[in-house]
Amino acid sequence: MKALALFSGGLDSSLAVKVIKEQGIEVIGLNFVSYFFGGENERSEKAAKELGIQLEYIDFKERHRLMMLNPVCGYGKNMNPCIDCHGLMIKIAYENLEKYGANFIITGEVLGQRPMSQNRIALKRVDKLSGTTGYVVRPLSGQLMEETIPEKMGWISREKLLNFNGRNRTPQIELAKKYNLVHYPSPGGGCLLTEPNYSKRLKIIKDDNNFHKDYLFYLAKNTRMYKLNTGKYIFVGRDEESNQELSKYKEYGSIYITTHKVPGPYIIGIGDFEENDITFAKELFSRYSKIKGECEIEMNYNGEVIKIGIIDKNKLENMMKELQIVN
Ligand code: SF4
């Protein structure tokens, strides 16, 4: 018997794997890769190695992006459509059972751990959305859930599943100690959709009907973002690393500013820029550069070296306050 596990490399998914492996079931970990979480990472690799399981990356960026346009069960506190997201991952795992010669699916969900997305009704909705009712085992709360097909068929023993319930994570931490698991991150990290600031930016991109422009998902990370108008944004690098990241998307910008002699941020303008928008972008460069708008500065503007004089800082600060989408 073989199971496919939804495997983020976090504590819950690692424990779920362990509990099922203890029953002599082979497990393959599926790490789901979207625009907002997942992807090749040391944490999952280490955790999989520690558990002795094969790790596979499943790229579902496009299906996840489409789901996010209109999640059936809506969003959580931020832009996290957790019920639909889990439902989609399980659905895809189900589609992959044959490919991996597996018989059922396991997840690290714990009944009552997240009040909105992991209560009994929410978990039923997850199963319904995934279309896999009966083939999903939640080993950490299995004894509290309806009997699943792998239990009915005798593939796994219900008695050896656990009865974790609620938000208290002490049982998980104790179990991790018992199993000698050390490579797991603190809970809740890793998904950008649960971050309030990133979510505000993402919501704007979605409301502006720009959710098909995936480069905006990357630009909205680790930069300063200004919205000038519907679909018209300026992204400003925060530091060297952020500048380098931003430079990967320069082809999408109608304006692209980089440094010339004096250190400063890289800037990309998305949308149709008019003269006053361009001036604002140039002034932002001056303001965030090493000279902080105090004297004349040169910059590389769309491949040409240009200069601007001392800026009116008060006027600029007011505009920044008005247009910036969270700091
Ligand atoms: S926290 Fe993120 S990855 Fe996890 S279910 Fe919610 S949206 Fe999906």
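Reader: What is the bridge partner of A3 in β2?
Author: V27 in β2 is the bridge partner of A3. Keep in mind that this is a predicted model: local features need pLDDT of at least 70, side-chain atom pairs count only at pLDDT 80 or more, and totals for chains, interfaces and linings use all residues. Residues are numbered from 1 along each chain as its sequence is written.

Reader: How do you know that strand β1 and strand β2 pair?
Author: Two strands pair if DSSP finds at least two bridges between them. Strand β1 (residues 2-6) and strand β2 (residues 26-33) are joined in the parallel sense by 5 bridges, so they qualify as a pair.

Reader: What is the order of the open sheet of 5 strands?
Author: The order is β3-β2-β1-β4-β5, with parallel pairing. The edges are taken by β3 (54-59) and β5 (136-137), because each has a single partner strand, and one side of each is left without a neighbour in the sheet.

Reader: Which strands pair with β9 in the antiparallel sense?
Author: Strand β7 (residues 232-237) does, over 4 bridges, and strand β8 (residues 255-259) does, over 3 bridges. V236 stands opposite I267, while I255 stands opposite G269. Within β9 (residues 267-270), I267 and G269 point one way and I268 and I270 the other, and all are buried.

Reader: And why is H64 called buried?
Author: A residue is buried if 20 or more other C-beta atoms lie within 10 Å of its own, exposed if 12 or fewer, and partly exposed in between, with C-beta atoms placed from the backbone. H64 has 23 other C-beta atoms within 10 Å, so it is buried. H64 lies in helix α3 (residues 61-69). Leaving aside residues up to four places away in sequence, H64 touches S34 and L88; a contact means C-beta atoms, placed from the backbone, within 7 Å.

Reader: What makes α11 (residues 275-288) a helix with the expected reach?
Author: Helices here are DSSP runs of H or I with at least four residues, strands are runs of E with at least two, and both are numbered from the N terminus. Helix α11 has 14 residues. The expected span is 1.5 Å times one less than the number of residues. From first C-alpha to last, α11 reaches 20 Å, close to the 20 Å expected. Its buried residues include F280, L284 and F285, and what covers the buried residues of α11 includes β7, β8, β9 and α12 (313-323).

Reader: Which residues are around the ligand?
Author: They are F37, N80, P81, C82, C85, H86, C191, L193 and T194, where the cut-off is a C-beta atom, placed from the backbone, within 6 Å of the molecule. That shell divides into 6 nonpolar, 3 polar and no charged residues. Ala, Val, Leu, Ile, Met, Phe, Trp, Tyr, Cys and Pro count as nonpolar, Asp, Glu, Lys and Arg as charged, and the others, Gly among them, as polar.

Reader: Where are the bounds of domain 1 and domain 2?
Author: Domain 1 covers 2-189 and domain 2 covers 195-323, with bounds from an automatic or database domain assignment. The contact takes 5 residues from domain 1 and 8 residues from domain 2. The C-alpha centres of the two domains lie 39 Å apart.

Definitions and conventions
Two residues are in contact if their C-beta atoms, placed from the backbone, lie within 7 Å.
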